[in-house]
Amino acid sequence: MEETLKRTPLYEMHLKYGGRMVPFGGWEMPVQYSGVIEEHRAVREAAGLFDVSHMGEFELKGPQALDLIQLVSVNNAAKLEIGQVQYSLMCYENGTVVDDILVYRLGEFHYWLVVNAGNIDKDWEWVNYCAERAGLKNLELQNLSPEIGQIAIQGPLAAKIMQPLVPNVVLDELKFYWAKTGVTVAGFKSVVFSRTGYTGEDGFEIYCKKEDTAALWEALLEAGEEYGLVPAGLGARDTLRFEAKLPLYGHEISDQLTPLEAGLGFFVKLKKGTDFIGRAALAAQKEKGVEKKLVGIEMIDRGIPRQGYEIAKDGTVVGVVTTGTFSPTLQRSIGNAYVPAALSGLGSEVDVIIRGKALKAKVVETPFYQPRYYR
Amino acid sequence: MSGNVPANLRYTKEHEWIKVEGNVGIVGITDYAQHHLGDVVFVEVPAVGRVLKAHEQFGVVESVKTVSDIYCPVSGKVVEVNTELENAPETVNQSPYEGGWIIKVELANPAELDTLLDAAAYAKHIEEA
């Protein structure tokens, strides 16, 4: 049974700018325009423009909005000041991951959860179910996803390109993981404007009204042209985030994996003072120690590790690759893989099974690429 | 995108081309294939001496995002592989019919060539794709 793919407000723009459209999580999205390597390099050296309108946005308002977030989110949202953003995860009772999210505090009792495109329906159901089960009624929950478009501009020149377009904001004063509401961008009143991203470079994410997205996209491309701004697709988005050690749901995290196994323990605030779903399981796992760990690997023999390829040691399968590629920035074949804790030390040698052959790889430090966030 | 389809070559439906010089067939992937693959970053070639059957998978061409199997259009023994592709895999994109050749095989059965697509048939095949 073929399902019709959803399209973002930028679909026509993608065709106009030569985007090669592919199915992604139920959406028809551009995997590349000029080429994955060229777009990847542009983001590292100048700037790239991404359509991220397929992402989901849930609005939570009211006195119990924070209570709901604290219940479903592993991080401590009580620490958020107005305008602040934090990365977090939602977990099931057994500690495995529902989704990774961004939590935005937009007002005293006003929050947004930004969720992955492929998980919107699941997450929306989950958040509502949790609110109901916990009897949290003094709050308003709205799924804004269908009404909100989103564009990300990422790269060392992103701020330079953006500043003339946001005359009412001094970008030097907007810190990493902070947001503003109602910022006028290229003459359009945006909904949320944040210094966040998924590439390991400085950049901004602009959440706008769906009907403004296409015009904003063109305005940004025009303003950025002299600086080398190019449209960038999902292919480059994946290689960029992977080099910077950012997880992707369905790869490094899933409903079979916990944040602790994925090396995201920093975001799991077991001591935040309120209970959250999955807390007991995660505390127990922390106490006991994880049995498997996510590590970075680099090939020693010639070959490229890919998602799903098995990791073996002395002839026995012991793990799996979650993401792998030939890195455009580093010019090396690298990957993320789950291996037994005992094999997770730096320099540890493992085999990657590629088309039936055991090819040697070693555990290396991550991130592969050192992020250059605005600090 | 139909791309370049040289008239003097033979083709497979899987987008390989073969150029015959005497008893040796030179094999690579077509312009259409390299365009759809994107930036080639890795080519896996068989060992010299390996004996292949027609339509047998003999290696892969990898882009950043995908792994693509490549199949030998004819039966024969591998007599040479393009070692340049180890350090310059992008040659497959830049010159798919010349510098980007992948293997050379000694033809076991030249009659097999007649079963392959000619340029017109291949051009039609990719037009309809």
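Q: How many bridges join β4(B) to strand β6 of chain B?
A: The model is predicted, so that local features need pLDDT of at least 70 and side-chain atom pairs count only at pLDDT 80 or more, whereas totals for chains, interfaces and linings use all residues. Residues are numbered from 1 along each chain as its sequence is written, while chains are lettered from A, and ligands numbered from 1, in the order in which they are written. Strands (E, at least two residues) and helices (H or I, at least four) are DSSP runs numbered from the N terminus, and two strands pair if DSSP finds at least two bridges between them. Strand β6 covers residues 57-63 of chain B and runs antiparallel to β4(B), and the number of bridges joining them is four.

Q: Which residue in β6(B) is the bridge partner of B:Phe42?
A: β4 of chain B spans 40-44, and it is joined to β6(B), which runs antiparallel to it. Across this pairing, the bridge partner of B:Phe42 is B:Glu62.

Q: Which strands are the edge strands of the open sheet in chain B?
A: Three strands make up this open sheet, in the order β4-β6-β7, with antiparallel pairing. Neighbouring strands are turned by 25° against each other on average, direction ignored, where axes are lines fitted to C-alpha atoms (for helices, over the stretch in contact) and angles run from 0 to 180 degrees between N-to-C directions. An edge strand here pairs on one side only, and the two that do so in chain B are β4 (40-44) and β7 (67-71).

Q: What is the radius of gyration of chain B?
A: Chain B contains four helices and nine strands, following the pattern β-β-β-α-β-β-β-β-β-α-α-β-α along its sequence. The radius of gyration is taken over C-alpha atoms, and the globule rule is 2.2 Å times the number of residues to the power 0.38. For 129 residues that rule gives 14 Å, and chain B comes close to it, so it is as compact as a globular protein of that length, with a value of 13 Å.

Q: What radius of gyration does chain A have?
A: Chain A holds eight helices and 21 strands, and its C-alpha atoms fill a box of roughly 60 × 50 × 50 Å along the principal axes. A compact globule of 375 residues would have a radius of gyration near 21 Å, and the value for chain A agrees, at 21 Å.

Q: In what order do the strands of the barrel in chain A follow one another?
A: The barrel closes from six strands with antiparallel pairing, and the twist from one strand to the next averages 45°. One of its pairings joins β16 (residues 292-299) to β19 (residues 332-340) over seven bridges, in which A:Glu298 has A:Ile334 as its partner. The complete order is β16-β19-β18-β17-β20-β21.

Q: Which residue in the turn between β17(A) and β18(A) has a positive phi?
A: These two strands run antiparallel and are joined by four bridges, with A:Lys313 bridged to A:Thr316 in β18(A). They form a hairpin with two residues between them, and the turn residue whose phi is positive, at about 50°, is A:Asp314.

Q: Which residue in β21(A) is the bridge partner of A:Asp351?
A: β20 (residues 349-354) of chain A pairs with β17 (residues 310-313) over two bridges, and there A:Ala312 is bridged to A:Asp351. β20(A) also pairs with β21 (residues 357-364) in the antiparallel sense, over six bridges. In β21(A), the partner of A:Asp351 is A:Lys360.

Q: Are α2(A) and α7(A) parallel or oblique to each other?
A: Helix α2 (residues 36-45) and helix α7 (residues 234-243) of chain A pack at about 55°, their axes being 8 Å apart. Angles under 35 degrees count as roughly parallel, over 145 as roughly antiparallel, 65 to 115 as roughly perpendicular and the rest as oblique. The orientation of α2(A) and α7(A) is therefore oblique.

Q: How many residues does chain B give to its contact with chain A?
A: Residues are in contact if their C-beta atoms, placed from the backbone, lie within 7 Å. On the side of chain A, α2, α7 and β18 (316-327) each supply at least two residues. Chain A contributes eleven residues to the contact, and the number from chain B is eight.

Key:
Contact = placed C-beta atoms within 7 Å.
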